[in-house]
Amino acid sequence: METTNELLKKLTFFNEPQFKAELLEHGKLLSLNKGDTIVRDGQYVKFLPIVLKGSIRVFQQKEDREILLYYVKAQETCTMSLAAAYFNNKSTSHGIVAEPTEVLVFPADLIDQWQMKYPSWNKYVMHMFRKRYDELINSFEGLVFEHIDVRVREYLKSKALADGSKSIELSHQQLASELGTTRVVISRILKDYERQKKIKLFRGKIELV
């Protein structure tokens, strides 16, 4: 478990000593495993997380399809949960841990109090909403204006760059969930790319050529 000083160093957005003291008083540090559920669609949000390390995948699910909204990464919080907590509404999305992750969680009923008391928290919240707005607009533009085969290619390139490897551990279903389409569509596109010798397909893995 990290010390208080180590924890505070990760929360660079917040500069008021009293606010940091409240975070440590009311917050709880959790270590989460890949696949753990943070929040479910239809659930009231009682606690809000700030990610210190790792990431959380936030998505909506309709029948057998998923639509990725965004990833919550280090020093970020989930704006869907934040909005639900502000108005005491049920969550409209799922939050699933994408990799081993450390989060600081605190009671959601504190967020409106902090909004009035601490400028750094207010600025942080506004920054998060703007960041997610930009991400969702970019995703919407991709869905509307880019063909799915182009989106697949660009996703694989960015994933390989982020991982530092041309070998990407990703199933067809996982890729379909990331891009908001079906496994059948993804499999067809990947087979086409394989015939064009742009990729090599393995079980649970895609390798860029």
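## Basis of the model

The structure is a predicted model, in which local features need pLDDT of at least 70 and side-chain atom pairs count only at pLDDT 80 or more, while totals for chains, interfaces and linings use all residues. Residues are numbered from 1 along each chain as its sequence is written, and side-chain values use heavy atoms, with hydrogens and water left out.

## The chain as a whole

The protein chain contains eight helices and ten strands, where helices (H or I, at least four residues) and strands (E, at least two) are DSSP runs numbered from the N terminus. Its C-alpha trace spans about 60 × 35 × 25 Å along the principal axes. Of the 209 residues, 40% are buried, a term that means under 20% relative accessible area, with exposed meaning over 50% and partly exposed in between (1.4 Å probe, protein chains only).

Among contacts with a separation of 6 or more, 70% come from residues 24 or more positions apart; a contact means heavy atoms within 4.5 Å. The chain exposes about 12,300 Å², of which carbon and sulfur atoms supply 53%, the accessible areas coming from the Shrake-Rupley method with a 1.4 Å probe, and only the protein chains shown counting as cover for residues.

## The sheet of S1, S7 and S3

Three strands form an open sheet in the order S1-S7-S3 with antiparallel pairing, two strands being paired if DSSP finds at least two bridges between them. Strand S1 (28-32) and strand S3 (47-53) are the edge strands, each pairing on one side only, and the twist averages 35° from one strand to the next. Angles here run from 0 to 180 degrees between N-to-C directions, and axes are lines fitted to C-alpha atoms, for helices over the stretch in contact.

S3 is joined to strand S7 (residues 101-107) by six bridges, and the two run antiparallel. Across this pairing, Leu 48 stands opposite Phe 106, and Ile 50 stands opposite Leu 104. Although S3 is an edge strand, five of its seven residues are buried, so S3 is largely enclosed by the rest of the structure. Helix H2 (residues 17-26) lies across S1 and S7, and runs at about 100° to S7.

## The sheet of S8, S10 and S9

A further open sheet has three strands in the order S8-S10-S9, again with antiparallel pairing. Strand S8 (167-168) and strand S9 (199-202) stand at its edges with a single partner strand each, so one side of each is left without a neighbour in the sheet.

Four bridges join S9 to strand S10 (residues 205-208), the two strands running antiparallel, and in this pairing Lys 200 stands opposite Glu 207 of S10. Helix H6 (residues 148-163) lies across S8 and S10, running at about 90° to S10.

## Leu 143 in helix H5

Leu 143 lies in helix H5, which covers residues 119-145. Leu 143 counts as partly exposed because its relative accessibility is 46%. When residues up to four places away in sequence are not counted, Leu 143 touches Arg 151 and Leu 179. Leu 143 and Leu 179 are 36 residues apart in sequence, while their C-alpha atoms are 8.5 Å apart in space.
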